[in-house]
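Student: Could you walk me through how to read this structure?
Tutor: Gladly; have a look at it, and then ask away.

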Amino acid sequence: MTTVLSQSHFIFGLRKGVTNNLCFVDEQTVVFPSGNSCVIHNTTQRWQRFIPGSENSLGLRALALGPNRRYLAVSEKAEKASITVFDLHHEQGRKRKVLTAGDLLVQEFLCMAFSPDSKYLIGQTGAPEWMLIFWFWEKNKVLATLKTTTSNNPISQISFSPHNNMQVCVSGNGVFKMFRYSEGVLKQSSIAKVEMINFLCHTWLSEDRVVAGTDTGRLLVSESGDLRKEIKMSSKAVQGQDDRLLEVRRIKDTDANEGVSFGRITAILSYSKGFVCSTGLGTVCLFEKLEEDVYRKSREIRILPDPASSDFPPAQCQEIDTICISPAEETLAISTDRGQLYSMNLSSADTKRDGPLHFEFLSQPFHSNSITGLSICIRKPFMATSSLDRSVRIWNYETKELELNKEFQEEAFSVALHPTGLFILVGFSDKLRLMNLFIDDIRTFKEFTLRGCRECAFSHGGHMFAAVNGNVIHIYSFTSFENILNLKGHNGKVRTIDWSLDDNRLASCGTDGAVYEWNTQTGKRESESVLKSCSYTGVAFSSDFKTILAVGTDLTLREIQDFQVLREVPADGIAHTVLAVSHSGRVVFTGTSAGTIRAIKYPLPIQKEWITQQAHCGLVTRMVITYDDQFLLTVSEDGCLLISKIIDKEGRGLKSNRQIVHTEEILVTKADLDEK
């Protein structure tokens, strides 16, 4: 029997809190961090390649792409932090070099940058050392190190001059310094008195000119390291010439506050015609250079309010984290602090001279908070998710698209799709709601007074559903909405339930250390296993429905049958949080508190034997296997939805003896139909 494992295939979500978390590899391809990987995403053909994070990493911290767009540097937080340089021209993103700070024990590199010829790399470490390290990275050689600041003045960005391999700029809160590398040392070549200024970002406009954005919306200009100029509204503009002209002027003490009226400038980037920067929440402006020291605001691009949303704060209030432009300057793309990616075609921006321009989603709208629920159905290739961002979404795992997205007033804790894929059950903080999935909307048609239902599931036949309220499991008829049975017996909260294939039995587990099997006709308990020292988090029937598998806080995977524990797979210090059994019965997958996925062969081994997949960067909250055993679907507290392919050692998909027929029909209201 060959080994079965899972391999990342496609992910929806962006990892927030990573410096420079979006870069263009070519006109159609971007790279961004998601889950515990860097994802190379093709926007036109919708495929993804994954560069997984390393095993002992405490998380990604920053990305940097070389100007030749071939080398990607990834910094990871760890006991001893490292930067890995990958070659993107190589199919699997081959690891070229792993760089460290030498003998210095450094926990993280906050930001990095490649030299213009992509041969050198600089990295800035965090507190308490605040060391700038200069590598000849191909030879893995540290050429120079230097302390750039103290913890009172953190660094936000470092860069090389695009025209000079030896010149470096470092900026941050109360810091703006230029360094030159020569003969093994980094020498500071300029000192600017900027104690009171918080620089959030900077970019090089020419060989000796850098423009830097501040948290108060100022654009300060440094010439050869001399920070004496600022970009202001033009005096010509004041005389009614053009309100969009800006000019570089010397800073006089008298006009210290009379800047351009921008919000916090969080991202800035130069391009062939001038520069682009964020000018406030949800807004990016393009400034074209007209003549020396004169710029014109040529375009303003905004994030539109989301039509699916009733949320507060609205979509246009997102702060912009990273701006990048494709190599031929066809496309501008941004990432935001709410984990969204947007893009804008710049060639169409040139033709549309009038009116405001708006960003589109780069791929799909992502969840911006922990995902709490995940469900699939047999009749459609749908995945339903619920999240603490108050949205419920329907995704398609075949087309890799978001089909429906609706935001609500309450947080959503659980979700269950009806086998037909036409109805959905959602557990909100105030009520359990049964909803219709229409062609363009999700609408409630029946409410149940169950508060904060964190687990619900339709029976396989779709004629019943179970919903958990604290330590009671309520069974309802889907046709009459009658509460047929209440399964009482757990002394703690019920965490997970699973229906048997014939719907005559239900397995449940809870925080009280109990795993029960119930008869859904009589409401009686048919078998139990109680272990008070373990709070169970996941339960599932085996593929032949003869035994029950469960995982919990004592880190062990157990198989239970008729009041007895048949087998245990011992622990290794990381808790399994959820599990799913393949329909073929060859493999059990578990998700962990560290965000990894484990493939454990079935029948269960006696030792710690599994294959680990680097998947998420937060606890795995739910896990489902599609009915044809092709895909393993997982969601996490990191807000990402991951589709993994289930394969054997040779990389082939599993043969399924189940023929799944997907149906096309959708629901439309009469009013909508009349309108159409």
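Student: What does the accessible surface of the protein come to?
Tutor: Such areas come from the Shrake-Rupley method with a 1.4 Å probe, and for residues only the protein chains shown count as cover. Here the surface is about 28100 Å², and carbon and sulfur atoms own 47% of that. Keep in mind that this is a predicted model, where local features need pLDDT of at least 70, side-chain atom pairs count only at pLDDT 80 or more, and totals for chains, interfaces and linings use all residues. Residues are numbered from 1 along each chain as its sequence is written, and side-chain values use heavy atoms, with hydrogens and water left out.

Student: How much of the protein is made up of buried residues?
Tutor: A residue is buried under 20% relative accessible area, exposed over 50% and partly exposed in between (1.4 Å probe, protein chains only). Of the 676 residues in the protein, 57% are buried.

Student: How many helices and strands are there?
Tutor: Both are DSSP runs numbered from the N terminus: helices are H or I with at least four residues, strands are E with at least two. The protein has three helices and 58 strands. Its radius of gyration is 28 Å, close to the 26 Å from the globule rule for 676 residues, so the protein is as compact as a globular protein of that length. That radius is taken over C-alpha atoms, and the rule is 2.2 Å times the number of residues to the power 0.38. Along the principal axes, the C-alpha atoms fill a box of roughly 85 × 65 × 40 Å.

Student: In what order do the strands of the open sheet with E2 run?
Tutor: Strands pair if DSSP finds at least two bridges between them. The four strands are ordered E2-E3-E4-E5, with antiparallel pairing. Strand E2 (23–24) and strand E5 (48–52) are at the edges with a single partner strand each, so one side of each has no neighbour in the sheet. Two bridges join E2 to strand E3 (residues 29–34), and Cys23 has Val31 in E3 as its bridge partner.

Student: Is Asn165 buried or exposed?
Tutor: Asn165, in strand E15 (residues 164–172), is buried, at 19% relative accessible area.

Student: Which side chains make a polar contact with the side chain of Asn165?
Tutor: A polar contact is a pair of N or O atoms within 3.5 Å; within protein, one must be able to donate a hydrogen and the other to accept it, and residues adjacent in sequence count only if both atoms are side-chain atoms. The Asn165 side chain meets that of Ser115 at 3.4 Å and that of Asp117 at 2.6 Å.
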